[in-house]
Amino acid sequence: MKKISVLLATNTPKAYNYLMPDDFESEVGTFVKVPFRNRELMGIIWDQSLEKIENSKLKEIIEYYPSFKLSDRKLDFINFFSRYNFTSLGGVIKLFIPHPYLIEKNKSIKRYKLDKKNIDKITITNARKTVLEFFENETKFFTSSELIKKTNVSSSVINKLIEENVLKAVEYEEQNNTDKVYSKKFDLNKHQTKAANNIINSIKNNKFERFLIDGVTGSGKTEVYFEAVEEALKENKQSLILLPEISLTDSLFDRIKVRFGFEPSMWHSNLSKKKRRDIWQDIYHGNSKLIIGARSSLFLPFKNIGLIVVDEEHDHSYKQQEGIIYHARDMAISLASFEKIPVVMVSATPSLESVLNVKEGKYKNLVLPERIGDAILPEIDFIDMRDEEYIKNQWISEKLKAEIKQALSRKEQSLIFLNRRGYAPITLCKSCGHRLECPKCDSYLVEHKFNPKLICHQCGFSVKPVNSCSECNSKDSLIACGPGIERITEEVLRTFPEAKIATLSSDNSKDTHKVLNDMREGSIDILIGTQIISKGHHFPLLTCVGVIDADLGMANGDLRAAERTYQLLHQVSGRTGREKKPGKSFLQTYFPAHPVIKSLVEGKKENFHNVELKTRQINNLPPYGRLASIILSDTNSKKLIEFCNRLKKSIPNSEEIIVLGPVPAPMTRVRGRTRYRFLLKANKETNIQKYLEFWISNQKKPSSIRLTVDIDPYYFL
Ligand code: ADP
Ligand code: ZN
Ligand code: ZN
């Protein structure tokens, strides 16, 4: 037995020693299964640094997987990921191998090839002849069910051939990919061609290069990166297309099927165990060439990745907030740098981080300035709500109603956007002024009517609707304040009783596919929805967009509030006029002079970028400076404050880093825990992680206190 060091797929900072039979190769990166505190855990052989422990005190590994190994480049990425995001190495390994079954022998898939030397030993029937002929032009291997499908023979024919050793099972390995790349594509316009060629060159040269496809909505950005994918396919390399939300994968999946003639692998949380393992192993063996998925697909075991695309790169859903905190776009760029491949950011409203990277020459900018064909960009106008008469229970202005009415009479569609789920955001007692709050959070309960409940949008807590006030016991004194999309739906139904109406938010996300389809096909007149309808979708008949409260996102005041609002309103407006019919978008606002509204109406993205970048630069905020947050929480707030004060006393001196706090988090109570925050500000070049390590790694923290570090935070509540 020899000693090896194993990094476990669990939240541990260091590797542990185990024993392994001498004749096994202890190559770094190889997967093993080991016993750990009454559990069986996956891990990888980590490094050769062994502790001085007697062999008799060590446990033996349970399983050894010589055919599953992470490459040195991957190990470098894992090291980087852990250091950058200030998270344990073991935690990162767990991202790579979230379930032990992924790696287990895949008995269900056996692929066969023809073994010619045994053909003479059998009688050739017609059915057998079909199978033999089928293999004449084939270099690939097939499962028995694939063979049955392709040759139309019965399963008994195939089984018999397997029995007679005419069909021989092959080791699961990469298939020879001599297939021509199937491609059914448009003639790209000159902007698209130029953009695509840039990326193609980079793939050919195995070069780490960063691109931004900055093109208006409907300018053909997707077709450009398809062209790059085609090049990767030709070179037998894998491509990963990242999307911010799983709801966007369906339409991309369909487009890929048409464009390339095969189905891409989709990686998401709703896969069955078997499917998940098949995809994981297909990617490991290089048999899956095109993968689409959300954040977690970054951790798939690519065999020979050649291209990463980050679609809608500005989207904040790329920031993983729960568990291990990281930004998937930024980590995709790091992965590309370790793999020495191009990475392509795609957006109609790039993040200011990317805009600055272009200005500083770090990203190559690929601009698509116009929409495809005759489609023109929608006209965006504001509706000044200060001029509108206030009418009780009415949030859609007369002006917008008139526009919707006209669209209806032209048999065209309208979309009404409000980024607020439910019926009303606040429920107030008119006798005593009490507002219904979540018992566990500093958050109001939101009334929902379609599925009657009061819900806390912070923690998910919900109760049945009540009709008396818990404070003053008055009966029927509770009134709904303000609109959510369900209340807007009520107003639309009242105003346009003859129209076909649908409402979409994450509350009825199971209907998403159907509603979006109906909308695309024109069987809905007016669609009302939250941000779920704002991106990616292509509705040919949509010509009128109305935003109920364009100022909504600006209210919460974090550093990216204006940027986020700009992107959201631009994306929503971009849903309209995507084909022959010109579209218009109307923003209801109380601040038409705000830079966000102004630059949207004037159609000048650069104006917004310039104003916003200037503000960030003056305050040394991202993308110029950098931030990190420390969030601490405990059910016992006294203990928490004590510990925060102790941390404050030990803040190391530094000329480069300013530490603000501790302060109670704006959302001070969540799920019954009190929360406090520190904020660290520094220049971009400063090694903020090293500083944090020095400061907090050696602090004795009471075990009930949760401490989270968020590098480059996007969420400040
Ligand atoms: P974006 O990703 O910029 O929103 P898409 O790639 O989805 O744009 O293209 C918008 C529409 O135009 C799609 O229906 C797409 O199939 C079509 N399209 C894209 N490029 C071309 C082209 N060169 N010729 C004709 N149609 C195109
Ligand atoms: Zn009351
Ligand atoms: Zn709550």
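Ser239 stands opposite Leu290 of strand E11. The model in which this pair is seen is a predicted one. Four bridges join strand E9, residues 238-242, to strand E11, residues 290-293. The two strands run parallel.

In general, strands of a sheet pair through backbone hydrogen bonds, and the pairing is either parallel or antiparallel.

A second open sheet has three strands, in the order E20-E21-E22. Here the pairing is antiparallel. The edge strands are E20 (445-448) and E22 (462-463), and each pairs on one side only. Four bridges join E20 to strand E21, residues 453-456. These strands run antiparallel. Leu445 has Cys456 in E21 as its bridge partner.

Helix packing comes next. Helix H16 (residues 595-602) packs with helix H17 (residues 605-618) at an angle of about 160°. The axes of H16 and H17 are 8 Å apart. Angles over 145 degrees count as roughly antiparallel, so H16 is roughly antiparallel to H17. H16 makes the contact through Pro595, Val596, Ser599 and Glu602. H17 makes it through Asn607, Phe608 and Val611. By class, the contact of H16 with H17 has four nonpolar residues, two polar residues and one charged residue.

Helix H5 spans residues 155-163, and Val157, Ile158 and Leu161 in it are buried. These residues cover an arc of only 95° around the axis, so they lie on the same side of H5. The general rule is that an α-helix has 3.6 residues a turn, so residues three or four places apart point the same way. The cover over the buried residues of H5 includes helix H3 (126-136), helix H4 (144-151) and strand E7 (167-170). Asn165 follows H5. The phi of Asn165 is positive, near 65°.

Two single residues were also examined. Ser354 is found in helix H11, residues 352-359. The relative accessibility of Ser354 is 1%. Buried means under 20%, so Ser354 counts as buried.

Asn11 is found in the loop between strand E1 (2-8) and strand E2 (16-20). The relative accessibility of Asn11 is 63%. Exposed means over 50%, so Asn11 counts as exposed. Leaving aside neighbours within four places in sequence, Asn11 is in contact with Ser88 and Gly91. Asn11 and Phe643 are 632 residues apart in sequence. In space, the C-alpha atoms of Asn11 and Phe643 are 23 Å apart.

Key:
Residues numbered from 1 in each chain as written. Chains lettered and ligands numbered in written order. Predicted model: local features only at pLDDT ≥ 70, side-chain atom pairs only at ≥ 80, totals over all residues. Heavy atoms only, no water. Pairing = 2+ DSSP bridges. Axes fitted to C-alpha atoms, helices over the stretch in contact; angles between N-to-C directions. Parallel < 35°, antiparallel > 145°, perpendicular 65-115°, else oblique. Contact = heavy atoms within 4.5 Å. Nonpolar A, V, L, I, M, F, W, Y, C, P; charged D, E, K, R; others polar. Buried < 20%, exposed > 50% of the residue type's maximum accessible area, 1.4 Å probe, protein only. Arc of directions from axis to C-beta.
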